[in-house]
Amino acid sequence: MASNDTGALRRLIYTSRANDHDLVDILRVSRANNGIDGISGLLLAKQGMFVQVLEGPPESVATTFERIRRDDRHSHVEVLSDTAETERAFGDWAMAGLPGEDDISVRERLAVLTTGAPATIKTVFQGS
């Protein structure tokens with residue numbers, strides 16, 4: 001689902017531990033904030049961990065990631081990848097999200113959501 005963005009983009013992939021989170025509320029707030037800030041991506045919560053891709057204008061990604069680092073719903077934040085890109089992998093989604101159940105439906109949805117995504121994204125989410 002890549003879009004035809006031609007400007008400079010930043011794609012940041014990180015993991016963190018989830019501290020007593022409500023995924024539905026986090027996704028609702030993320031979608032609202034990200035839509036305003038030009039951020040797209042994917043959030044997966046699984047077994048007490050978050051794995052997230054943020055992509056968009058470099059300044060917006062930096063601001064969003066700093067907000068996440070300060071958020072007490074996250075701890076042990078670790079950047080897996082931080083790259084400059086020319087095309088979005090999740091251009092139409094302010095934030096795609098998946099529930100934390102470890103079942104076949106989540107793996108199937110991940111496969112669909114990451115179709116056409118760069119190898120770095122597929123590697124992170126196919127191993128989840």
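Author: What follows is a short chat about salt bridges, strands and cores.

Author: This is a predicted model, where local features need pLDDT of at least 70, side-chain atom pairs count only at pLDDT 80 or more, and totals for chains, interfaces and linings use all residues. Residues are numbered from 1 along each chain as its sequence is written, and side-chain values use heavy atoms, with hydrogens and water left out.

Reader: How many salt bridges are there in the whole structure?
Author: Seven. A salt bridge here is a side-chain nitrogen of Lys or Arg within 4 Å of a carboxyl oxygen of Asp or Glu.

Reader: Which residue does Asp82 meet in a salt bridge?
Author: Arg10, at 2.7 Å from N to O. Asp82 lies in strand β4 (residues 74–85) and Arg10 in strand β1 (residues 9–18), so the pair ties together parts 72 residues apart in sequence. Helices (H or I, at least four residues) and strands (E, at least two) are DSSP runs, numbered from the N terminus.

Reader: And what does Arg11 pair with?
Author: Glu85, with the closest N and O atoms 3.4 Å apart. That pair also links distant parts of the chain: Arg11 is in strand β1 and Glu85 in strand β4, 74 residues apart. Arg11, Glu55 and Glu85 are linked in a network of salt bridges.

Reader: Is Arg11 buried or exposed?
Author: Buried, with a relative accessible area of 2%. Glu85 is partly exposed at 24%. The cut-offs: buried is under 20% relative accessible area, exposed is over 50%, and partly exposed is in between (1.4 Å probe, protein chains only).

Reader: What about Glu66, which residue is its salt-bridge partner?
Author: Arg70, with the closest N and O atoms 4.0 Å apart. Both sit in helix α2 (residues 58–70), four residues apart, so about one helical turn separates them. Glu66 is partly exposed at 38%, while Arg70 is exposed at 62%.

Reader: New topic. Which strands pair with β3?
Author: β1 and β3 run antiparallel, joined by eight bridges. Strand β2 (residues 40–46) pairs with β3 in the antiparallel sense over seven bridges. Strands count as paired if DSSP finds at least two bridges between them.

Reader: Where do individual residues line up?
Author: Thr15 has Val51 in β3 as its bridge partner. Leu43 stands opposite Gln52 in β3.

Reader: How many residues lie between β2 and β3 in their hairpin?
Author: Two. Gln47 in the turn has a positive phi of about 50 degrees.

Reader: How many of the residues of β3 are buried?
Author: Seven of its eight residues (49–56), so the strand is mostly covered.

Reader: Last one. Which residues touch the most others in the largest nonpolar core?
Author: Leu42, Val53, Phe90, Ile121 and Phe125, out of 13 residues. β2, β3, α3 (104–113) and α4 (119–126) each supply at least two residues of this core. α4 gives the most, with three. Apart from this core lies another of seven residues, among them Tyr14, Leu54, Val61 and Phe65. A nonpolar core is a set of buried Ala, Val, Leu, Ile, Met, Phe, Trp, Tyr and Cys residues joined through side-chain atoms within 4.5 Å.
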